[in-house]
Amino acid sequence: MGDLEPIPAVIGRKAGYTLDRSPVRHRADTHMSTFTDTLTPRGYGRKPENPEETYTDTGKTCKFHTERTLVEYLGIKPRPFFHLTCCVVCCQCLDASRPWLCYWILHSLELLEEAVPAAVVSDVCQFLARCQSPTGGFAGGPGQHAHLAPTYAAVNALCILGTEEAYNVINREKLLDFLYSVKQPDGSFVMHVGGEVDVRSAYCAASVASLTNIITPTLFEGTHNWILSCQNWEGGLGGMPGLEAHGGYTFCGTAALVILGKEHMLDLKALLRWVTSRQMRFEGGFQGRCNKLVDGCYSFWQAGLLPLLHRALFKDGDVTLSLSSWMFEQQALQEYILLCCQNPAGGLLDKPGKSRDFYHTCYCLSGLSVAQHFGNQDLHHELVLGKEENRLAPTHPVYNICPEKVAQAIQHFHQLPIPAQKGATACAEDQS
């Protein structure tokens, strides 16, 4: 993508921002006030070198700082971990997503390499324990019904915390029973008992089952074939067979197949063509579907697919793959996130003009991490736009928590036996 051409004036006015022709690395190393004035208010997303100075006084760079902006938003300063310990009024609409709030915040903090105090770790563990259903799985809040989405969020959050107390919160036997209770005869999963079927549920189930070592021979029987049926003529995956390809569903389906060891059964070249076409030529960020606007959250849902595809094509014997970069324009994505998705007071967002929130903060940071880090422990390359302070910790492209937390959880739970298949018998009786 190299130098980025300017957006035509009419498009720029509609989108609310434009990108100029300057190379990415030039923008990273110099103060570009005229450039960033087209994106945001003066001083957007920059921490002053002198804490007494205001954002307006210091000019602008695309330097990404955590000390006074994002980390404050996430609750470290001035009120330590306020958002992890108090559901404020603005979050009341997320009452059924409270484990998600824990996950989004904790994952953002681990990417920023900010430690969580031990007392807060214990408080979060106790809260998530109250969200665990007596019949297995986790609900969106205490006293609610178990649901695969908050189950995924809760397990990820507990694995990020990574303490014995956190691991012991998860009732693996009941979790397996819950997964069987939402398993369907065709291999798909519903999100909750009596709920809807879509490919998110298969990913959530595969993720928590693999992390906690509860995969049985029958739990995912037929699941890979159902997921494969969601890949359509576009090359991406829809939420169900026959639906439009969508970035979130495509990631979920592909990641689930990676967990199940069946990703090679996808049409990988068609999938690669579809996802690389979702990176916007001018903005540098990703759209979720064809003919849609760019959105910061797809920095992970789409860009996170590229490491999975790289791995799958490598296993398939593709000798043309790069050994230093993913198959998307990593610098352009970093540019979009750093320059277009930061709020001056901290936190990240969909696009300029939108409000910050924990969801977009988490997935913008996750996408930025993917764009900065290539490879694995044996072959690792970094491409960090701007100054060293912009560097984030790597994230695991399948689970979207840091790789060492994935390894630690797997090591812990694989020392434990796989629970007895109580739910398998009940499920078979229900289907007979």
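Author: Helix α14 is mostly covered, with twelve of its 14 residues buried. Please keep in mind as we talk that this is a predicted model.

Reader: Which residues of α14 are the buried ones?

Author: They are G247, G248, T250, F251, C252, G253, T254, A255, A256, L257, V258 and I259. The elements covering them include α12 (199–212), α13 (223–228), α15 (268–276), α16 (298–301) and α17 (305–315).

Reader: How do you know that the span of α14 agrees with what a helix of 14 residues should have?

Author: Happy to go through that one. Helix α14 runs over residues 247–260, and at 1.5 Å a residue it should span 20 Å. The C-alpha atoms at its ends are 20 Å apart, so the two values agree.

Reader: What follows α14?

Author: G261 does, and its phi is positive, near 75°.

Reader: Why is V275 called buried?

Author: Buried means under 20% relative accessible area. V275 has 0% relative accessibility, so it counts as buried. This residue lies in helix α15.

Reader: What is V275 in contact with, leaving aside neighbours within four places in sequence?

Author: Its contacts are F286, Q302, L305, L306 and L309. Take L306 from that list: V275 and L306 are 31 residues apart in sequence, while their C-alpha atoms are 8.0 Å apart in space.

Reader: R278 is buried; what makes you say that it has no salt bridge?

Author: A salt bridge needs a side-chain nitrogen of Lys or Arg within 4 Å of a carboxyl oxygen of Asp or Glu. For R278, the nearest side chain of opposite charge is E234, at 5.6 Å. The cut-off is 4 Å, so this pair does not count as a salt bridge.

Reader: Then which side chain has a polar contact with that of R278?

Author: That of Q287, at 2.8 Å. R278 sits in the loop between α15 and α16. Not counting residues up to four places away in sequence, R278 touches G285, F286, Q287, G288, R289, C290 and Q302.

Reader: How many residues are in the largest nonpolar core, and which have the most contacts inside it?

Author: The core has 118 residues, and Y103, L148, L179, F328 and Y363 have the most contacts inside it. Helix α9 (residues 148–161) gives the largest share, eleven residues. In soluble globular proteins, nonpolar side chains tend to be buried together.

Reader: What does Y363 touch, beyond residues up to four places away in sequence?

Author: Y363 touches W100, Y103, W104, G296, C297, S299, F300, W301 and N400.

Technical notes: Residues numbered from 1 in each chain as written. Predicted model: local features only at pLDDT ≥ 70, side-chain atom pairs only at ≥ 80, totals over all residues. Heavy atoms only, no water. Helix = DSSP H or I, 4+ residues; strand = E, 2+ residues; numbered from the N terminus. Expected span 1.5 Å × (residues − 1). Buried < 20%, exposed > 50% of the residue type's maximum accessible area, 1.4 Å probe, protein only. Contact = heavy atoms within 4.5 Å. Lys, Arg positive; Asp, Glu negative; His and termini not counted. Polar contact = N/O pair within 3.5 Å; in protein donor to acceptor, adjacent residues only side chain to side chain. Core = buried A, V, L, I, M, F, W, Y, C linked by side-chain atoms within 4.5 Å.
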